[in-house]
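Good morning, and thank you for coming. Today I shall walk through one protein model, and I ask you to keep the display in view as I speak.

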Amino acid sequence: MEYQLKAIGKNCAATGEPLAAGGTCYSALVHRGGQIVRLDFAEEAWGGPPEGTIGFWKTVVPVAETGKKKPLDPDALMRHFEQLTEEAQPSSEKLRYVLAILLLQKRRLELEGTRSDGDDQWLRLVGARGEGNFEIRDQQLEGDELEQLQNSLDVDFAPATS
């Protein structure tokens, strides 16, 4: 028989308080309502196995990874850029601009030129592999906002290694 159990919880099943990363806790598998559920308890809240316990163990609450972002290749970036461009939602205009800049840096997009329309400046772009013609309004983003949008993608944009 195969069981699908959830990963360790974020809060103590007894107190509702967050479990301390790196701290000790007790986990128990409990029969409830015809299902087997996992309950996690802070060490100080553990009063022994709850009713209906099938098994329990002592474990360490994992420490969350910090600062490490998932690498993403330029082709995946390009697909995301094309999808956002097709959807053409005003709410994603700044993100499209950030992706365009990143794709220019990665040489996945090429700058064909610029044009002015009143106070707006537009970048005319084409994909390095012949993908469409794209026009992206220059968002005139400040460094902090640009960094925040890039971080919102939750990926590392370092060049892929061969």
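Let me begin with a definition: a helix axis here is a line fitted to the C-alpha atoms over the stretch in contact, and angles run from 0 to 180 degrees between N-to-C directions. With that in hand, please look at helix H1, residues 74-87, and helix H2, residues 93-105; they pack at an angle of about 150°, and their axes are 10 Å apart. The crossing of H1 past H2 is left-handed. On the H1 side, the contact is made by Pro-74, Leu-77, Met-78, His-80, Phe-81, Leu-84 and Thr-85. H2 contributes Leu-95, Arg-96, Leu-99, Ala-100 and Leu-103. Sorted by class, this contact has nine nonpolar residues, two polar and one charged.

Next, the loops that follow these helices. In general, most residues other than glycine have a negative phi. Ala-88, in the loop between H1 and H2, has a positive phi of about 50° although it is not a glycine. Arg-107 also has a positive phi, of about 60°, and is found in the loop between H2 and strand E5, residues 109-117.

I turn now to the largest pocket, whose volume is about 150 Å³. Which residues line the largest pocket? They are Ile-8, Gly-9, Lys-10, Leu-19, Ala-21, Val-61, Pro-62, Val-63 and Ala-64. Seven of the lining residues are nonpolar, one is polar and one is charged.

Finally, a word on confidence, since this is a predicted model. The protein averages a pLDDT of 84, and 85% of the residues score at least 70. Confidence is highest in strand E3, residues 53-60, with a mean of 93, and lowest in strand E8, residues 155-156, with a mean of 47. Over residues 156-162 the pLDDT is below 50, and beyond near neighbours in sequence this stretch has ten contacts in the model. Where pLDDT is low, the predicted coordinates should not be read in detail. Thank you for your attention.

Definitions and conventions: Residues are numbered from 1 along each chain as its sequence is written. This is a predicted model: local features need pLDDT of at least 70, side-chain atom pairs count only at pLDDT 80 or more; totals for chains, interfaces and linings use all residues. Side-chain values use heavy atoms; hydrogens and water are left out. On a 1 Å grid over the protein atoms alone, a cavity is a set of points where a 1.4 Å probe fits but cannot get out, and a pocket is an open set with protein on both sides within 12 Å along at least five of seven lines; lining residues have an atom within 4 Å of a point. Grid points are joined across faces, edges and corners, and a volume is the space filled by probe spheres set on the points. Ala, Val, Leu, Ile, Met, Phe, Trp, Tyr, Cys and Pro count as nonpolar, Asp, Glu, Lys and Arg as charged, and the others, Gly among them, as polar. Helices (H or I, at least four residues) and strands (E, at least two) are DSSP runs, numbered from the N terminus. A crossing is left-handed if the near helix is turned anticlockwise from the far one by less than a right angle, and right-handed if clockwise. Contact means heavy atoms within 4.5 Å. pLDDT is the predictor's confidence in each residue, from 0 to 100.
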